[in-house]
Amino acid sequence: CACEQLCLEHYAAGCRSWVYLDLVDAEGEADHTHQMCYLQTGAEMRTGSHPVAGFVSGAIGPVLTGFSTVTTPAYNTVFSLSVLGAGLPASANNQRVKLVPAAGGCDAAQPRSVAEPECATASICSGTPTAATSSANTFTVRAAPADGAGSFGVCYCAGTEACAEAWQWTRVPGVLAVPEAPFCFAPREAVRSSGFDFELAGDAATNSNWRVKFVQVG
């Protein structure tokens with residue numbers, strides 16, 4: 001445990017795996033003890049017991065360092081989000097990601113403005129990675145934020161156990177910003193069945209070709 005902890009403490013210097021030697025041999029009339037901890041920058045070749053007595057090795061992880069996007073997130077548009085770190089599971093079967101309000105924890109429910117991934121509860125979400133390595137796992141995300149709620153936290157579940165409880169999710173460092181809707185509207189007066197005026201605002205050079213229609217929600 002101490003050797004693994006030492007590797008974690010030297011993560012920024014490049015440590016990714018460790019080998020621990022605990023060997024006792026006879027030297028004269030007294031036993032002689034060898035105890036060494038080797039820190040490695042690459043993945044370990046073997047986890048657990050070694051063919052050589054006294055050696056034990058392992059890898060750190062998962063360690064989450066942040067996330068990245070290939071393209072700039074856009075309103076209600078699918079984009080790829082990669083969770084970055086070390087010792088991430090290379091299997092894409094059980095890992096999950098979800099978005100939460102920026103100020104919230106991973107026990108929070110995913111906002112309704114997030115369309116992908118889909119979540120049945122605050123802790124049960126669908127959507128496996130589209131690509132997975134020990135240093136990056138990539139997921140598909142789509143969000144349509146409104147009312148100033150375009151900042152999200154990213155939560156990750158490594159999938160070593162079924163992702164079904166809040167404690168299995170970990171907050172990834174950083175805040176994800178997704179632009180709000182390019183257009184918004186607000187009534188200028190009370191809404192009446194006989195008609196009412198409203199204001200539509202958006203980021204466009206001209207409104208000469210704008211058209212509007214109303215649709216029922218829900």
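Is Leu 21 buried or exposed? Select Leu 21 to begin the tour of this predicted model: with a relative accessible area of 10%, Leu 21 is buried, since the cut-off for that term is under 20%.

**Around Leu 21**

Leu 21 belongs to strand E1, which covers residues 17-27. Display next the residues that Leu 21 touches beyond four places in sequence, namely His 34, Gln 35, Met 36, Tyr 38, Gly 54 and Phe 55.

**The whole chain**

Zoom out and colour the chain by secondary structure, which comes to 1 helix and 14 strands. Of the 218 residues, 27% count as buried, and the chain exposes about 13300 Å², of which carbon and sulfur atoms supply 53%. Where contacts join residues at least 6 apart in sequence, 59% of them link residues at least 24 apart.

**The nonpolar cores**

Select Leu 81, Val 83, Val 154, Tyr 156 and Leu 176, the residues with the most contacts inside the largest nonpolar core, which has 19 residues. At least two residues of this core come from each of strand E5 (63-69), strand E6 (79-86), E7, strand E10 (136-143), strand E11 (151-157) and strand E12 (170-177). Apart from this core lies another, of 8 residues, including Tyr 11, Cys 15, Trp 18 and Ile 60. In soluble globular proteins, nonpolar side chains tend to be buried together.

Return to Val 83 and show its surroundings: leaving out residues up to four places away in sequence, Val 83 touches Leu 64, Gly 66, Phe 67, Leu 88, Val 97, Ser 135, Ala 136, Asn 137, Phe 139, Tyr 156 and Val 172.

**A buried glutamine**

Move on to Gln 110, in the loop between strand E7 (96-101) and strand E8 (114-116). Gln 110 is buried, with a relative accessible area of 12%, and its side chain has two backbone atoms to inspect. The side chain of Gln 110 reaches the backbone nitrogen of Leu 99 at 3.0 Å, while a polar atom of that side chain lies 2.7 Å from the backbone oxygen of Pro 117. Setting aside neighbours within four places in sequence, the residues in contact with Gln 110 are Lys 98, Leu 99, Pro 117 and Cys 119.

**The salt bridge**

How many salt bridges does the structure hold? The structure holds 1, and selecting Arg 142 together with Glu 116 will show it, with the closest N and O atoms 3.3 Å apart. The pair links distant parts of the chain, Arg 142 being in strand E10 and Glu 116 in strand E8, 26 residues apart. Both partners are partly exposed, Arg 142 with a relative accessible area of 22% and Glu 116 with one of 25%. Side chains of opposite charge can pair when their charged atoms come close.

**The disulfides**

Finally, show the cysteine side chains, among which the count comes to 5 disulfides. When the bonded cysteines are numbered in sequence order, the pairing reads 1-4, 2-3, 5-8, 6-7, 9-10.

Select Cys 3 and Cys 37, joined by a disulfide with an S to S distance of 2.0 Å; at 85° about the S-S bond, this link is right-handed. Cys 3 lies in helix H1 (residues 2-9) and Cys 37 in strand E2 (residues 30-40), so the pair ties together parts that are 34 residues apart in sequence. Cys 3 counts as buried at 5% relative accessibility, whereas Cys 37, at 27%, counts as partly exposed.

Go next to Cys 106 and Cys 155, where the S to S distance is 2.1 Å and the link, with -100° about the S-S bond, is left-handed. This pair also connects distant parts of the chain, with Cys 106 in the loop between E7 and E8 and Cys 155 in strand E11, 49 residues apart. Both ends are buried, Cys 106 at 10% relative accessibility and Cys 155 at 0%.

A further stop is the disulfide of Cys 119 and Cys 125, whose sulfur atoms are 2.0 Å apart. The torsion about its S-S bond is about 100°, so this disulfide is right-handed.

Notes. Residues are numbered from 1 along each chain as its sequence is written. This is a predicted model: local features need pLDDT of at least 70, side-chain atom pairs count only at pLDDT 80 or more; totals for chains, interfaces and linings use all residues. Side-chain values use heavy atoms; hydrogens and water are left out. Helices (H or I, at least four residues) and strands (E, at least two) are DSSP runs, numbered from the N terminus. Buried means under 20% relative accessible area, exposed over 50%, partly exposed in between (1.4 Å probe, protein chains only). A polar contact is a pair of N or O atoms within 3.5 Å; within protein, one must be able to donate a hydrogen and the other to accept it, and residues adjacent in sequence count only if both atoms are side-chain atoms. Contact means heavy atoms within 4.5 Å. A nonpolar core is a set of buried Ala, Val, Leu, Ile, Met, Phe, Trp, Tyr and Cys residues joined through side-chain atoms within 4.5 Å. Accessible areas come from the Shrake-Rupley method with a 1.4 Å probe; for residues, only the protein chains shown count as cover. A salt bridge is a side-chain nitrogen of Lys or Arg within 4 Å of a carboxyl oxygen of Asp or Glu. A disulfide is a pair of cysteine sulfur atoms within 2.5 Å.
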